Structure formats: structure tokens, C-alpha cells
Amino acid sequence: MSTSYGTHTTLSDNSRSDLIEKHDDDPPPPVPPLPLQDGGRLAWLTVAGAWMVQFSTFGYLNAFGVYQDYYTRIFLSHVSPSNISWIGSVQLFLMYAPAVLVGTAFDAGYFHYVQIAGSLLLVLSIFMLSLVQPNAYYQVFLAQGLGIGLSVGLLFLPSLSIVAHHFSLPRRRALATGIVVSGASAGGIVFPILLNHLFAHPRVGFATGVRVSGAIVAALLLLANCLMRTRLPPKHRRAIFTREGLTRIAHDGAYLWSIAGAFCTNLGLFVPFFYLQLFSADHAVAPAITTYILAILNGGSTLGRILPLALADALSVGVYTMLLPAILTSAALVFALFGATNTGGVVTVAALFGFSSGAYVSLIPPLLGALCTDLSELGLRMGLAFSLVGTSMLVGTPIFGALLAPPRAGRALVWWKALVFAGVCIVAGFACMAVSRTLFLRRRRARVRSGAPSA
């Protein structure tokens, strides 16, 4: 008896551990993340897929000037140009507004689900746009303003955030992001020229032209979804806004000032993309140049989204070093429109502004990545920033249009007040970004002194 009792009381530690009850509902051990690589076949295939997403989303929105002109003259001739412009503004707003939810879904591991849903909705919305009836404003607004806007909102941010999964060095990540966002400028060149020619062709017209563009978008998104891959494991599910997360954000001065800077900058930055063609026509620029002025603008933007990031990578300089001059140059070029009263001046400003604004747009995602101290929160932080900045996308161009309107019908457009508004907003954005840079450098020096790794 005593021997039996002693046998029970001398179980080894391993045996005791074997007797511990294991519950079926215990969470599985976390999957260790794959090691990050700065390049490689999978990484660059993902960059190629993300480039196609940007081409099909932001690039398609860059062609709205073609729709604005066609709607005003022909398709929605009974609707005022200002009301038509709200379709484009709502598209831009919805591209950014759902970013918090989309970014959270990205962090939770739903990247492919969001991309597939957004792709299907975008293709469906474009083909629904081809079915709308002339002078049916509500149909156009639903299909293009809401449908295309929401679908682009689902696709835009994840296609930028996925780059961080494959590139660990900030400068290399910035270069890859610049390549991805150059797809938006490339789309801004191709789609305006394509749609202008298709709408004007007697055998094609509006409906078939829209369907052709929809088929191109569908093919690119299908290939993009096959190419893009994630590498990091999903973040543990939790509430979108927690007290701990909000506290970190509220005390991150560099991050908050960068959002303020982007908000002010975007109030004026996208004005030329909406109004430069009207400015050209109002200042007797050659009609052939006026037709292609948006393509020239986006051509400069394509170079601006790649070259500054490549230069930053080669010279090993930080994102702020390239971002601040890009913002200040954009403001100077808006004010330069006061003197651009001929074809040469407008073309020069268009090309240079496209370059500087493209550099700004491409540098914002890597900036937010550099400011993020925990990559598991990257989607949320980028989503919060884009959602707040999206408000400026909604109101900036309408405010410019209100300032542009003449005091009485039949009088010339009042450009000086509108241009001053846009330029001052961009200058204010530059000032806020300068404060953000100061706080970021102060934080990095403090981390170096404490021995912690730099963000």
C-alpha cells in the first residue's frame, strides 16, 4: 500500500505536465512571423500587383476631368458644373474615408478578402456606369460617386500597406512604395487619353467606352490579386480603438502634426487636377494642349513618384528630407500660375507641379511607416491618417470652386482668390510637416540615448 502511494507521489516533472488537463478552447500558440526581406521574387511580384491596383483605382479617378467635361457639355447638360464636380469630390473622399476600417481589416489578416471584394465592386460599378441614362444625375452619382468611390476606398490603402510586409529597411520600403504609387500617375495618363478618344469616336461613344475601360480594369485587378501576397501574421483581434492605442496616438506629436500637415496640404494640392484644364481654356492656351494638359500633369507626377524616392534610397536620406521641399515647391508652383498666362507657362507649371505633387503623394505612406513604432499598428495608423485627410479631399476643391465663381453671371472667373487659397493651404501644410520633423528627430535622438532601437 505504501509502495503504491509512494509510486504516485514520485511522478517526474514530465509526467506531471502530461497530467495537466488541456482545454480544447485554449488559443493556439502564435505563429512566428516570416523573416522580412528587402526584395526577392515574392516582394517584387507583390509590388507589381500593387502597381496594377493603383493604376486601376487612383489612376482611374485621375481621369474624372474627362467625365466632368463630357457630362457638362453632353451627358448631364442640365446639371451645373459645380454639382457635377461633387461626383469627383465624393470619389476622392470615399477613397480615404473608410481607411480606418480597411486598415484594421488589413492588420487582422483580411487583405485578400478586402482586395477581392473591392475588385468585384469596382468592376461592377464601372459597368453599371455604362448603363446609366443621359440626364439621370442620380444614376451617375450612385454608380460613379458612391460605387466607384467605395470600391477604390477598399483597394487603395491595402495596396500601399502590403509593401511594408516585404521591405524592412525604410529607404528600400520608400522606393518600393514610390514604384507602387506611380501606377496612379500612369493610369492618369492612359485613362484620360483613352476615354477622350473613345467618347469622341462615332462608332464607340460613352457606353462602350466606359465598358472598354471597365474590361481593362477587370483584367488588371484579376492579375493583381493573383500576384500580391502577405508575409506577416495577422494581428490579434481587438477593438479598433483601445485606450492604450489612443493614448499612444494622442502622445505621438510627430504623427499628429504630420496628419495636420497632410490635411492642410491636400486642401490645395488637388486643385490643379480638377481645374487646370479650365484654367488653360480660360487663358487662351492652344486647344490641343488643353486637351492633353491633364496627361502632361500626370506624366510629371509619374516621374515625381519614383525619382525622389530612388534618390533618397541612393543618398541614404530620410523621408522628411525629400517631403518638405516637395510641399514647398508645390505651393510655389500654385502661385506661379499667376504668371502662367500662355501655353508655354501652363505646360511648364503642369509638368513641374505634377512632379512635386507626385513626390508628395508617394512620400506620405513611407512617412507614416517611419512614424509607426509598432508595425502591427501600421494599417490602423495609416487608416486613421487617411480617413482624417479624406475630409480635406471632399471640401478643398468645392471651396476653390466657390472662390472661383464670378460675383455676377457673365463676368470673368476670379482666379486670384482661389489660387491664393490653394497656395496658402499648401504653405500651412509645409509648416505643420516641419513641426512633425522636429518632433520626430527629437524622439529618435531620445531613443538612441536610451539604447532603444530607432523607429
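Colleague: Asp69 first. Buried, exposed or partly exposed?

Modeller: Partly exposed, because its relative accessibility is 28%. Keep in mind that this is a predicted model.

Colleague: Which helix is Asp69 in?

Modeller: Helix H5, which covers residues 64-75.

Colleague: And how far is Asp69 from Pro81 in space?

Modeller: The C-alpha atoms are 8.7 Å apart. In sequence, Asp69 and Pro81 are separated by 12 residues.

Colleague: New topic. How many disulfides?

Modeller: The count is 0, with a cut-off of 2.5 Å between cysteine sulfur atoms.

Colleague: What is the nearest cysteine sulfur to Cys425, then?

Modeller: That of Cys264, at 6.8 Å. Cys425 is in no disulfide.

Colleague: And for Cys432?

Modeller: Cys264 again provides the nearest cysteine sulfur, 4.6 Å away. Cys432 is in no disulfide either.

Colleague: Is Cys432 buried or exposed? Why?

Modeller: Buried, because its relative accessible area is 13% and the limit for buried is under 20%.

Colleague: Cys425, buried or exposed?

Modeller: Cys425 counts as buried too, at 11% relative accessibility.

Colleague: Let's move to charges. Which residues form the positive surface patch?

Modeller: Five arginines: Arg437, Arg442, Arg444, Arg445 and Arg449.

Colleague: Where is Arg437?

Modeller: In helix H20, residues 415-450.

Colleague: Why does Arg437 count as partly exposed?

Modeller: Because its relative accessibility is 33%. Partly exposed lies between the buried limit, under 20%, and the exposed one, over 50%.

Note on methods:
Residues are numbered from 1 along each chain as its sequence is written. This is a predicted model: local features need pLDDT of at least 70, side-chain atom pairs count only at pLDDT 80 or more; totals for chains, interfaces and linings use all residues. Side-chain values use heavy atoms; hydrogens and water are left out. Patches are made of residues with over 30% relative accessible area and no salt bridge: like charges are joined within 9 Å, nonpolar side chains (Val, Leu, Ile, Met, Phe, Trp, Tyr) within 5 Å. Accessible areas come from the Shrake-Rupley method with a 1.4 Å probe; for residues, only the protein chains shown count as cover. A salt bridge is a side-chain nitrogen of Lys or Arg within 4 Å of a carboxyl oxygen of Asp or Glu. Lys and Arg count as positive and Asp and Glu as negative; His and the chain ends are not counted. The place of a charge is taken as NZ of Lys, CZ of Arg, CG of Asp or CD of Glu. Helices (H or I, at least four residues) and strands (E, at least two) are DSSP runs, numbered from the N terminus. Buried means under 20% relative accessible area, exposed over 50%, partly exposed in between (1.4 Å probe, protein chains only).
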